[in-house]
Amino acid sequence: MRSTPITAVSLFRAVMTAAEWRCQCTGACGQTHAKSDGRCPREHDGYVGKNSGPVRLTAAPPDPLTSDLQAATLPAAELRAWCPTCLTTARTRAHKTRGANTPSPEGLFDL
């Protein structure tokens with residue numbers, strides 16, 4: 001039996017079943033995942049190493065810049081399974097990329 005969150009169990013299971021209980025990151029985190037055919041090999045409740053606990057996948061949008069409020073309104077078909085490492089790294093990378101490409105609002109503080 002696989003572990004599930006306390007809330008939104010049916011949504012979580014729908015996403016995980018569609019993902020076959022495996023992280024769906026295909027490089028958004030910056031890793032090529034070359035040893036696992038381009039997809040993160042981490043599985044829900046699986047162990048990464050000897051000194052770490054089990055991996056707990058989460059259901060999140062494929063776009064790491066989607067806000068939590070927007071993500072909460074999405075149906076299961078629009079969510080993906082992410083391991084914590086890939087999701088955190090993908091969000092960090094996306095924020096850095098967006099920050100570098102976003103022009104500063106000119107005139108906002110001009111006197």
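The conversation below asks how the terms used for this predicted model follow from its values.

Tutor: This is a predicted model, so local features need pLDDT of at least 70 and side-chain atom pairs count only at pLDDT 80 or more, while totals for chains, interfaces and linings use all residues. Residues are numbered from 1 along each chain as its sequence is written, and side-chain values use heavy atoms, with hydrogens and water left out.

Student: Happy to start simply: what is the pattern along the sequence?

Tutor: The protein reads α-β-α-β-α, with 3 helices and 2 strands. Helices (H or I, at least four residues) and strands (E, at least two) are DSSP runs, numbered from the N terminus.

Student: Why is C23 called buried?

Tutor: Buried means under 20% relative accessible area, exposed over 50%, and partly exposed in between, with a 1.4 Å probe and protein chains only. C23 has 0% relative accessibility, so C23 counts as buried. C40, at 2%, therefore counts as buried too. Of the 111 residues in the protein, 24% are buried.

Student: How do you know how many disulfides the structure holds?

Tutor: A disulfide is a pair of cysteine sulfur atoms within 2.5 Å, and the structure holds 0 of them. For C23, the nearest cysteine sulfur is that of C40, 3.8 Å away.

Student: Which residues is C86 in contact with, leaving aside neighbours within four places in sequence?

Tutor: C86 is in contact with C23, C25, C29, H33 and C40, where contact means heavy atoms within 4.5 Å.

Student: What makes a set of residues a nonpolar core?

Tutor: The members must be buried Ala, Val, Leu, Ile, Met, Phe, Trp, Tyr or Cys residues, joined through side-chain atoms within 4.5 Å. The largest such core has 19 residues, and M16, C23, C25, L57, W82, C83 and C86 touch the most other members. Helix 1, strand 2 (80–82) and helix 3 each give two or more residues to this core. In soluble globular proteins, nonpolar side chains tend to be buried together.

Student: How is the lining of the second largest pocket divided by class?

Tutor: The lining has 4 nonpolar, 4 polar and 1 charged residues. Ala, Val, Leu, Ile, Met, Phe, Trp, Tyr, Cys and Pro count as nonpolar, Asp, Glu, Lys and Arg as charged, and the others, Gly among them, as polar. A pocket is an open set of points on a 1 Å grid over the protein atoms alone, where a 1.4 Å probe fits, with protein on both sides within 12 Å along at least five of seven lines; lining residues have an atom within 4 Å of a point. Among those lining the second largest pocket are C29, H33 and C86.
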